[in-house]
Amino acid sequence: MVVRATYTLATGQALTIVQGDITEAAVDAIVNAANESLQHGGGVAGAIRRRGGDSIQIESDQWVRAHGRVATGSAAITGAGQLPARYVIHAVGPIWGSGDEEHKLAQAAACTFALADAQAVRTIAIPAISSGIYGMPKNISARVLRQAAVTYFESHPGSSITEVQFCNIDELTVSVFLSEAEKLFSE
């Protein structure tokens, strides 16, 4: 895990750009870029399931049986199995081209932060939701997630969250997140 940059918001939270494997993040919660049925087969979801163990899929299946599918723009929470984190928050971002994608991604992020607050999470790591197989351009994912964090913390001054790590494994995605963060702090 390599910290590439840290920015502090006026609300006190740190936004950190990290390059590395999210399954190794030493945080309270990691975010899974999930699908509505919480089937964790490929991409970030598959990596989380493989590293964290079967309990993550078992808990996800139980969640879906109890509550139904997780709607796009929403999130669910499970334990983290054998991962260093305590929780996995499964955020369902939109498929690019489905309509109103930026709003749906912002909603998924807000739901993620609310679930984290409900568990008194202090640190959370988030990948570039929807920018993989769902096809959202990386710059849009980065901008929306960054702005969703700012908006959430401005409207929730009592948030337990002290740090949001935007954690991605590849250099291209990390560079896009760095660029978007620099735009925010140069305004």
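This is a predicted model: local features need pLDDT of at least 70, side-chain atom pairs count only at pLDDT 80 or more; totals for chains, interfaces and linings use all residues.
User: Helices (H or I, at least four residues) and strands (E, at least two) are DSSP runs, numbered from the N terminus. With that in mind, in which loop is the place of Leu-38?

Analyst: Residues are numbered from 1 along each chain as its sequence is written, and side-chain values use heavy atoms, with hydrogens and water left out. Leu-38 has a positive phi, near 55 degrees, although this residue is not a glycine. Its place is the loop between strand S3 (29-33) and helix H1 (43-52).

User: Is Leu-38 buried or exposed?

Analyst: Buried means under 20% relative accessible area, exposed means over 50%, and partly exposed lies in between (1.4 Å probe, protein chains only). The relative accessible area of Leu-38 is 0%, so this residue is buried.

User: What is the relative accessible area of Ala-120?

Analyst: Ala-120 is found in the loop between helix H3 (101-118) and strand S6 (123-126). Phi is positive here too, near 60 degrees, in a residue other than glycine. Ala-120 is partly exposed because its relative accessible area is 46%.

User: Why do the buried residues of H1 lie on the same side?

Analyst: In H1, the buried residues are Ala-45, Gly-46, Ile-48 and Gly-52. They lie on the same side of H1 because the arc they cover around the axis (taken from the directions from the helix axis to the C-beta atoms) is only 160 degrees.

User: Which exposed residues does the face of H1 turned away from its buried side carry?

Analyst: The buried residues of H1 pack against S3, H2 and strand S5 (87-91), where contact means heavy atoms within 4.5 Å. The face turned away from that buried side carries the exposed residues Gly-43 and Arg-50.

User: At roughly what angle do the axes of H1 and helix H2 cross?

Analyst: From H1, Ile-48, Arg-49 and Gly-52 meet Asp-54, Ser-55, Ile-56 and Gln-57 in H2. The axes are lines fitted to C-alpha atoms, for helices over the stretch in contact, and angles run from 0 to 180 degrees between N-to-C directions. The axes of H1 and H2 (residues 54-67) come within 6 Å, and the crossing angle is roughly 120 degrees.
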